[in-house]
Structure formats: C-alpha cells, structure tokens
Amino acid sequence: MNAKSAAELDLTCVLKPGDAIVMGQACGEPGDLVEALIRQAEELTGITLFIATSFSGDLTPDFAARIGVSSMGAIGALRNLAKTGRLQIIPVHVSQVAPLITAGILPCDVAMVQLSPADETGRHSCGLISDYVTAAVAKARLVVAEVNSRVPFTCGESVAASDIDVLVESDRAPVEVQGTTITQADQAIARHCAEYIGDGSVIQIGVGGIPDAVLRLLGDRKDLGVHSGMLGDGIVDLAEAGIVTNARKEIDRGVSINGALIGSRKLFDWAHRNNTIRMCATNYTHDAAVLGKLSRLVTINSAVEIDLTGQVNAEQAGSAYLGGTGGQVDFVRAGARSSGGAAITALGATARNGTLSKIVEKFDGPVTTARSEVDVVVTEFGRAELKGQTLAERARRLVAIAHPDFREDLSRAARDIERRGY
C-alpha cells in the first residue's frame, strides 16, 4: 500500500462500474475523497453513494445527478438534495445501518472513510465518527482511507493499516458544525427537560439549540454520565468542570460512550487521546441490551410534529423531507424503560413564525416513533407525561402544552377522542 495525495488518486483505476460506496458521515466525511469523486464523476459509470448525514455542502444536486446518493435522512446539507429529488431515502434506525451493511442488504463494494494517523501499533482510530465505519471496512472489497493529520486520535474503534487498500494523505480541516443560536423557546424547553436530569443521570443528547441549552443548565449537577449516539461542543465544558464523571454508571464507569463527534475544533481537541471518552460502533451505542443495563438514563430527541395521541413524526413536514429516522426509536425505548430515567421528545410548539402548530390533530407524514413508545413530550409551554395514559388523557395533556393560539381547535379534537375513546 503506497500513500498518495487525493490529486494523484485516479478513481477510474480502482472503482468498477456499478460500485456501491459507503462513506463516513458528518465530521468524519472524507473531504479529499469527496472532491476526487466530484472531479472524476463524469468518468465513472453507475456509481452510488450511501452517507448517513453530510454537513460539508460538497454533495450538491449536480453531483447527485451523476452519482446516485442515498441516506437514512435529509440531515444537514443533504436537505438540498431532497428538495431537488436527488436523494433516495432509506428508512432505517441507526442501529440497523451496520447490520444491513454486514448482511449485504445495504451494498458496500467500496468503503471511503476518514481516519486519524496511526498510533505506535499501526492502527488508525476512526477519529470523529465510529458508527458504521468498521462494518463498512469489514464488508468492502476496496477500502479507501483518507488519513487526515488534523483528525484526533480517539479511544475506541480503529482500523488496522493492513485493512486499507488505498491510503490518501490529507491535511485539511475536518468538517466542523458550529453551534446554533439558542432562542428563548429553546431555553424554555431546556428548563423543562433539565428537570428530569438529576445527579447521577446518564444522558443521551444530540446537537443543536435545544441540546446546547439543556447542557448549559446542568452546571450544578453531580456525576452525570453519558451514553449517546452523538455529542457536540456542549459536553466539553461539563466534562472539564468535573460534572460529567460517569462515576455512577452500571457499565463503562468513568467513560463517556459516544458514536459521533459533531462540533468544532474545541470538541476535536478535547477528544484527542482522551481516555474518558470512547468512540463506539452502533452495536454498542444503540444496542438495546447495553442500554438496558443503564439506570437513570434520560434521552432527549427532537420531532417535526406530534399528534394528539402521541405519534411522533421526526422526518417530514408536508412535502419537505427534513430529518430522518435516526437513532430516536432506539433511545426512546431505552429511556422510557430505564429505572429512574425518561425519554423526552422535545420540540417547539409552532413553526413558520408561529403560524403552524407542531402539535396537531393528525398528520399525513411518516410515524417515526409509535405512540406506544412515547414517554414525555416537552414544548416551551410545559411537559406532557404520556406513558401509561389513555388516548383521551394524552390528548388533554398535549393540548395543555400547545401554543395558546391553537388550543381551542385542538381541544375540540381532543374531546372527539375522549368521546370515542380512541
């Protein structure tokens, strides 16, 4: 195996017509390899690409017109592909992506991944993303690895040098995802969410305004633990302040478990050779048996809308595909069943500048999380604990946390549910 630069990489010599590529996602997207695909796309025949999320903006509709792109959702820059009909959606839980690759149901002829430089044993860490990377490497006929000198060496999943067929050396800044502006609504939602997080709680949380606002409210907690599919910059301050210690977890004491680092250089530098965080594949981060060992697990996930019976749509608003199945169901189930824990679905009460309620009588979009799984719903107007409640009581509680402008119409629908019983 000879190292080369991306400029020297001739994909027509290594890819076969019809090859299916599985690529590292989010901040683990191999930027030099993406640029090589873009430059040489006209010379490639029948190539397809699966990537779970993308924030780089490099995968444009024009690119997808030449190389077919599929994903588990329209997250980040992939939303632009969905808007133009250039993204094929595969509805799948995060926990099932790697097994589908292993089984050959999600084809993987070529793995294109971003790795850190090797350690003294010759192994490259998966760096910023570890979810389905090793499954793709194990399945692929050809492994093309972008070894990036700016990617942190993280503890956990790794790839041996002997498993790499083509090594491309890189010194480009990894994709960064900056924090979003925290709104007053985000702050109000976060206050309700934080009430469920006590000393010793184990948290699963994503990235964005609401997650960042929640983390900022936890400065007075003790011995928090982390077991999450992704983490952003907000975790760094809590860890450095000694608030996240993982000291009370039943498993992985002293270690935050995570699958994806999605943030800025601050997060990347903190994770470099930090043995208090371990990057794991989804067969550990999202596994029901593993999660079932954790008490006081509080999971926080988002939604596009929720109906009066508790069904959650986290994917589509009208004709626009905005999100994805993701790991929501895996963690909702775990949090709802955890002793002393909770599964929170957090969303703003309205959309489109307050003209549209996100709590609705019913919706036409997909059901991401079934009403039988939903535990707690939080908006800026309060919290609705739904687990174990009748459909009529669920409707009453959800009306109470809807925006006041929409409660009258929703109350009429709730009374219909009460009259019918369903």
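What covers the buried residues of H13? Here are some notes on that helix and its surroundings.

1. A word on the model first: it is predicted, local features need pLDDT of at least 70, side-chain atom pairs count only at pLDDT 80 or more, and totals for chains, interfaces and linings use all residues. Residues are numbered from 1 along each chain as its sequence is written, and side-chain values use heavy atoms, with hydrogens and water left out.

2. The cover over the buried residues of H13 includes strand E16 (305-307), strand E23 (359-360), E24, E25 and H14. Contact here means heavy atoms within 4.5 Å. Helices (H or I, at least four residues) and strands (E, at least two) are DSSP runs, numbered from the N terminus.

3. H13 is largely enclosed by the rest of the structure, because 7 of its 10 residues are buried (under 20% relative accessible area, 1.4 Å probe, protein chains only). Among them are Glu-393, Arg-394 and Leu-398.

4. The axes of H13 (residues 391-400) and H14 (residues 407-420) come within 8 Å and cross at roughly 175°; axes are lines fitted to C-alpha atoms, for helices over the stretch in contact, with angles from 0 to 180 degrees between N-to-C directions. That makes the two helices roughly antiparallel (over 145 degrees).

5. In this contact, residues of H13 including Leu-391 and Val-399 meet residues of H14, among them Leu-410 and Ile-417.

6. E24 and E25 also belong to an open sheet of 6 strands, ordered E12-E11-E15-E20-E24-E25, with mixed pairing. Strands pair if DSSP finds at least two bridges between them. Strand E25 (382-385) is one of the edge strands.

Note on methods
Angles under 35 degrees count as roughly parallel, over 145 as roughly antiparallel, 65 to 115 as roughly perpendicular and the rest as oblique. Buried means under 20% relative accessible area, exposed over 50%, partly exposed in between (1.4 Å probe, protein chains only).
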